[in-house]
Amino acid sequence: MTSSNESDLKQLGKIILSTFEAAQKSIRLYPAGHPLIRQSMAELMQALTGSFKSLKEINLNVIRNELYLNDVPLKEETMQHVSFIQLCIKRNISSITLLPEAKMEELEKFLRILSQDAEKISQMGGINKMIISDNISNIKVGRVLPYISTTTGEKIEEKETSELEGLSATAAYKAAVEAFKSVCSQIDNRYISMKTIKATIQSLIENVVHSKSAMGKLLNLKHLDDYTFHHSVNVAILSVLIGSALKMERSELNLLGETAILHDLGKLMVPVEIINKPGKLNDEEWEQIKLHPVNGARLLMEIKEISDMCIIGAFEHHGRYDLKGYPTIREKKELSLFSQIIAIADTYDAVTSDRAYRAAFLPDSAFKIILEASGSSLNPHLAKLFLNLIGCYPVGCLVLLDSGEIALVWEVNHSDILRPKVKILFDEEGDSAKKEIIVDLTELNSATNQPKRNIMKALDPYKYNIDIADHL
Ligand SMILES: [Fe+2]
Ligand SMILES: [Fe+2]
């Protein structure tokens, strides 16, 4: 963004916020139809009409007690509109998006909702529910979805997309999960910020996917926090990894990542009791799950600026390579390439994650599951390519060696996916390694010409109370 754009936005932010807050206050203080309300609403409309000459939409964000207009921080307004910031925080609002189609009546109805007590709003089922029941469709509200780090217990509020740039792999991964959460918080409004989705995928490609070892290590983080959000980000990372190996152009990779992160959007419409049901699903529950590709595609069709590919990916990702999946796909002889890639990433991430009804499979078992599914539910060529990329024991996987040592996979050996480079964590006595020892499992014993060490099996780090992150 150029500095003149930035200063223009700051100027617009000043006018928008002052007229917005003045109108909200007059609605709170005076009865409906009062001349002061009419006057302040007219001033607000004038400010918005002027702003929409240069802006496609107006995005007011409250992030960590600071105001932003379309990504530009409004430092002065932050100091002058403390009560407005507090009003948003109490109502759990992180963003207010105004579309050019918003008419005065709609704005007045919205400001009336906003002026109600925070308690009353939550009793009415939240601000988004009230907006929908008042038929307000051109004003969107994003809610703060706190990200709770289970390791530190620290509560972090949602991040701005601009903060996704130039991050370390771990920070980029966490920021992507948070950004995706914040995008999903607006689903009730039938609104998806494609700008945030695009920024998230750009950041994942730049900071995570191109650092393949960092990526492998990061996938271990998925055991923390909410499954759906981690799953969506993981599927995007793994899909882009496959796309990179297929030498896709950057623009294609971006679109693949966007399609992948949105693949399970329809799951957000499945009751959470079904998603988290510990036991077997009954027929009716299973039918509901099976609707998620269609519901996700329908939802995406309502989003402006969305690529058809995202809709196709959501619709087809459970279609299976042999076309025996759901929903039934009659019109095509084969699924689109993106859908076939996403299906592999989806299967791998799903089986290696803990679910309410079963524990995660260890990577070597997941490897076998993908292998067995190849040719039936998964494209065999893509499955082979994928397994070669991640290896039987991917980076970050904990393994037991025949020497009795416990080690962490450090680097996949693409010439021999059963013999990665590993970092020894515990010796054969179970004592922690005193110094960093990385060994290559392809190394041979000169006397016997046999490998010095072999992997016996993958281990579950949680059973061994080992926090992988401490050793990466
Ligand atoms: Fe799915
Ligand atoms: Fe999925």
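Confidence in this predicted model averages a pLDDT of 84 across the protein. A pLDDT of 70 or more is reached by 89% of the residues. Residues 145-166 fall below 50. Even so, this stretch has 44 contacts in the model beyond near neighbours in sequence.

The protein contains 19 helices and twelve strands. Of its 472 residues, 41% are buried. Among contacts with a separation of 6 or more, 62% link residues 24 or more positions apart.

Helix packing is illustrated by helix 11 and helix 19. Helix 11 spans residues 227-245, and helix 19 spans residues 380-390. Their axes come within 10 Å. The crossing angle is roughly 105°. Because angles of 65 to 115 degrees count as roughly perpendicular, helix 11 is roughly perpendicular to helix 19. On the side of helix 11, the contact involves L241, I242 and A245. These residues meet L382, L385, F386 and L389 of helix 19. The contact comprises seven nonpolar residues, with no polar and no charged ones.

Strand 1 covers residues 58-63 and strand 2 covers residues 66-69. The two are antiparallel and share four bridges. Within this pair, I63 is bridged to E66 of strand 2. Strand 2 also pairs with strand 3, formed by residues 72-73. This pairing is again antiparallel, and it rests on two bridges. One bridge partner of Y68 lies in strand 3, namely P73. Strand 2 and strand 3 form a hairpin with two residues between the strands. In this hairpin, N70 adopts a positive phi near 40°.

Strands 9, 10 and 11 are likewise linked by antiparallel pairings. Strand 9 (residues 406-411) is joined to strand 10 (residues 421-426) by five bridges. Strand 10 in turn is joined to strand 11 (residues 438-440) by three bridges. V422 of strand 10 is the bridge partner of V409. V422 is also bridged to V439 in strand 11.

Note on methods:
Residues are numbered from 1 along each chain as its sequence is written. Chains are lettered from A and ligands numbered from 1 in the order in which they are written. This is a predicted model: local features need pLDDT of at least 70, side-chain atom pairs count only at pLDDT 80 or more; totals for chains, interfaces and linings use all residues. pLDDT is the predictor's confidence in each residue, from 0 to 100. Two residues are in contact if their C-beta atoms, placed from the backbone, lie within 7 Å. Axes are lines fitted to C-alpha atoms, for helices over the stretch in contact, and angles run from 0 to 180 degrees between N-to-C directions. Angles under 35 degrees count as roughly parallel, over 145 as roughly antiparallel, 65 to 115 as roughly perpendicular and the rest as oblique. Ala, Val, Leu, Ile, Met, Phe, Trp, Tyr, Cys and Pro count as nonpolar, Asp, Glu, Lys and Arg as charged, and the others, Gly among them, as polar. A residue is buried if 20 or more other C-beta atoms lie within 10 Å of its own, exposed if 12 or fewer, and partly exposed in between; C-beta atoms are placed from the backbone. Two strands pair if DSSP finds at least two bridges between them.
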